[in-house]
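Here is a short briefing to read alongside the model.

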Amino acid sequence: MFIIYLQLGVFYIRKFNIITISLLSLCLLGACSNSNSNDKASSDSSKSSSLKAKESSIKKAKAELKKKESSIKKAQSESKKAESEKAASENTAATNSQQVTQQQNSDSYQTQNNAQQAQNNNNTYQANKQTSNSQNDPYNYQGTLSDFVNEYGVSPAYYKIQHGMSEQDALQSTPAGMKTSGEMQLEWSKYGTRE
């Protein structure tokens, strides 16, 4: 009986060992499986976080790119604005220059025209002076200033100016006794001559 007990004990020990080994194996497999799933989960979470980090850096890069693009566009618009202002300034300067040139040409023409008219007036005066043979010639009047004003309605110098002589020539060709005091002052202040 002892042998039976012994055999039964060995049998139970073997069964116990087999069960223990089986349980240990299952635990190890479960732990490995659990470890693999944990590794997978941590790997997935690290992949997810690295993806999120990459997406974040991509978003930052895109934002910086947009900022750079907007600053480039702003610089281009400022450059275009400066160019248009420069062109407008150049156009204004050209227009002003053209207007000044036109004014100078007009002034030059007016000066030439005035000189021609004065020459014509002087020529008319000379012609009138030479052709006049009458005794009442206003250019060679022999009476007094009062008589001349009564006959012609104006002073001799003014009469000469009305009939084409220049102001300076009319004042200089009129004798002092035939000038009004205003004409004498004008001749002295404007032309610096006195009789």
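What follows covers the overall fold and then two residues.

This is a predicted model, in which local features need pLDDT of at least 70, side-chain atom pairs count only at pLDDT 80 or more, and totals for chains, interfaces and linings use all residues. Residues are numbered from 1 along each chain as its sequence is written, and side-chain values use heavy atoms, with hydrogens and water left out.

**Overall fold**
- The protein chain has five helices and zero strands (DSSP runs: H or I of at least four residues for helices, E of at least two for strands, numbered from the N terminus).
- Of its 195 residues, 11% count as buried (under 20% relative accessible area; exposed is over 50%, partly exposed in between, with a 1.4 Å probe and protein chains only).
- Among contacts (heavy atoms within 4.5 Å) with a separation of 6 or more, 30% join residues 24 or more positions apart.

**Lys160**
- You will find Lys160 in helix H3, which spans residues 156-162.
- Lys160 is buried, with a relative accessible area of 3%.
- Leaving aside residues up to four places away in sequence, Lys160 touches Tyr139, Met165, Ala170, Ser173 and Thr174.

**Gln142**
- Gln142 sits in the loop between helix H1 (2-131) and helix H2 (145-152).
- Gln142 is exposed, at 72% relative accessible area.
- The side chain of Gln142 reaches the backbone oxygen of Asn140 at 2.9 Å.
- Between the C-alpha atoms of Gln142 and Met178, 36 residues apart along the chain, the separation is 9.9 Å.

Definitions and conventions. A polar contact is a pair of N or O atoms within 3.5 Å; within protein, one must be able to donate a hydrogen and the other to accept it, and residues adjacent in sequence count only if both atoms are side-chain atoms.
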